[in-house]
Amino acid sequence: EKTLEYAARSFKRAGFRDVVFLGDHGSYQKNEIAVAARLNREWQAQGTRVHAIEEYYRATQTAYVEMLKRRGYSPEEIGSHAGLADTALTLALAPELVRTAPLASAGKAAAAQGVYGDPRRATAELGQLGVDIIIAQTVEAIRKATRRQ
């Protein structure tokens, strides 16, 4: 929380009127919300606002997963960490981070390896569909949150 707080303070000092937190992991969404609320109370009369945009992470867990299910992928395959969904997103955005040769020839990875899902059928095309969903929902949420009344 201190890292978020002082990053926001730095942006405020640099003249930003809106500071947006985008968290890509579920475990610290609550921290972003808490810091935003705390700083918004403190800065209420100063014209700077902090926004914890939960839709950024939520889209990966809802709309993107639902799209994958509609395409015939099971929840077990989609997974929650390093499964099909995460691997497909990575293939779309930073394919050099995925070791595709072992992925294609390996058996199903186990939770002991940090894999909760089955990434073997992940593709950059599936990932790009997810990226498009995430961007659309996040941009809309940011526009809504930063709209000045």
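Tutor: Tyrosine 56 has its place in helix α3. Keep in mind that the model is predicted.

Student: Why is tyrosine 56 called partly exposed?

Tutor: Its relative accessibility is 27%. Buried means under 20% and exposed means over 50%, so at 27% tyrosine 56 counts as partly exposed.

Student: What makes Ile134 a contact of tyrosine 56?

Tutor: Contact means heavy atoms within 4.5 Å. Leaving aside neighbours within four places in sequence, tyrosine 56 is in contact with Leu22, Gly23, Asp24, Ile134 and Thr138.

Student: How far is tyrosine 56 from leucine 39 in sequence and in space?

Tutor: The two are 17 residues apart in sequence and 20 Å apart in space, C-alpha to C-alpha.

Student: What is the order of elements in the protein chain?

Tutor: From the N terminus on, they run α-β-α-β-α-α-α-α-α-α. That order holds 8 helices and 2 strands. Of the 149 residues of the protein chain, 32% count as buried. Among contacts between residues at least 6 apart in sequence, 73% join residues at least 24 apart.

Student: Why is α6 called roughly perpendicular to α8?

Tutor: α6 and helix α8, residues 124-146, pack at an angle of about 90°, with their axes 7 Å apart. Angles of 65 to 115 degrees count as roughly perpendicular, so α6 is roughly perpendicular to α8.

Student: Which residues make that contact?

Tutor: From α6 come Leu84, Ala88, Leu89, Leu91, Ala92 and Leu93. From α8 come Ala124, Leu126, Gly127, Gln128, Gly130, Val131 and Ile134. By class, the residues of the contact of α6 with α8 are 10 nonpolar, 3 polar and no charged.

Student: What makes a space a cavity, and how many cavities of 30 Å³ or more does the structure hold?

Tutor: In a cavity a 1.4 Å probe fits but cannot get out. The structure holds 1 cavity of 30 Å³ or more. About 70 Å³ of space lies in the largest cavity.

Student: Which residues line the largest cavity?

Tutor: Its lining is made of Thr60, Gln61, Val65, Ile78, Gly79, Ser80, His81, Ala82, Gly83, Ala85 and Asp86. Two or more residues of this lining come from each of α3 (55-61) and α6 (84-93). The lining of the largest cavity divides into 4 nonpolar, 6 polar and 1 charged.

Student: What makes a pocket something other than a cavity?

Tutor: A pocket is an open set of points, whereas the probe cannot get out of a cavity. The largest pocket has a volume of about 530 Å³. Of its 18 lining residues, Asp24, Tyr57, Thr60, Asp86 and Leu89 lie nearest its centre. α3, α6 and α8 each supply at least two residues of that lining. By class, the lining of the largest pocket has 8 nonpolar, 8 polar and 2 charged residues.

Student: Where does the lining of the second largest pocket come from?

Tutor: The elements that give two or more residues to this lining are α6 and α7 (100-105). The largest share, 3 residues, comes from α6. The space in the second largest pocket is about 390 Å³. It is lined by 16 residues, and the closest to its centre are Val98, Arg99, Leu103, Val115 and Pro119.

Student: How do the residues of that lining divide by class?

Tutor: The lining of the second largest pocket has 9 nonpolar, 3 polar and 4 charged residues. Arg99 is one of the residues closest to the centre of this pocket, and Arg counts as charged.

How values were computed:
Residues numbered from 1 in each chain as written. Predicted model: local features only at pLDDT ≥ 70, side-chain atom pairs only at ≥ 80, totals over all residues. Heavy atoms only, no water. 1 Å grid on protein atoms, 1.4 Å probe; cavity = no way out; pocket = protein on both sides within 12 Å on 5 of 7 lines; lining within 4 Å. Points joined across faces, edges and corners; volume = space filled by probe spheres on them. Helix = DSSP H or I, 4+ residues; strand = E, 2+ residues; numbered from the N terminus. Axes fitted to C-alpha atoms, helices over the stretch in contact; angles between N-to-C directions. Parallel < 35°, antiparallel > 145°, perpendicular 65-115°, else oblique. Buried < 20%, exposed > 50% of the residue type's maximum accessible area, 1.4 Å probe, protein only.
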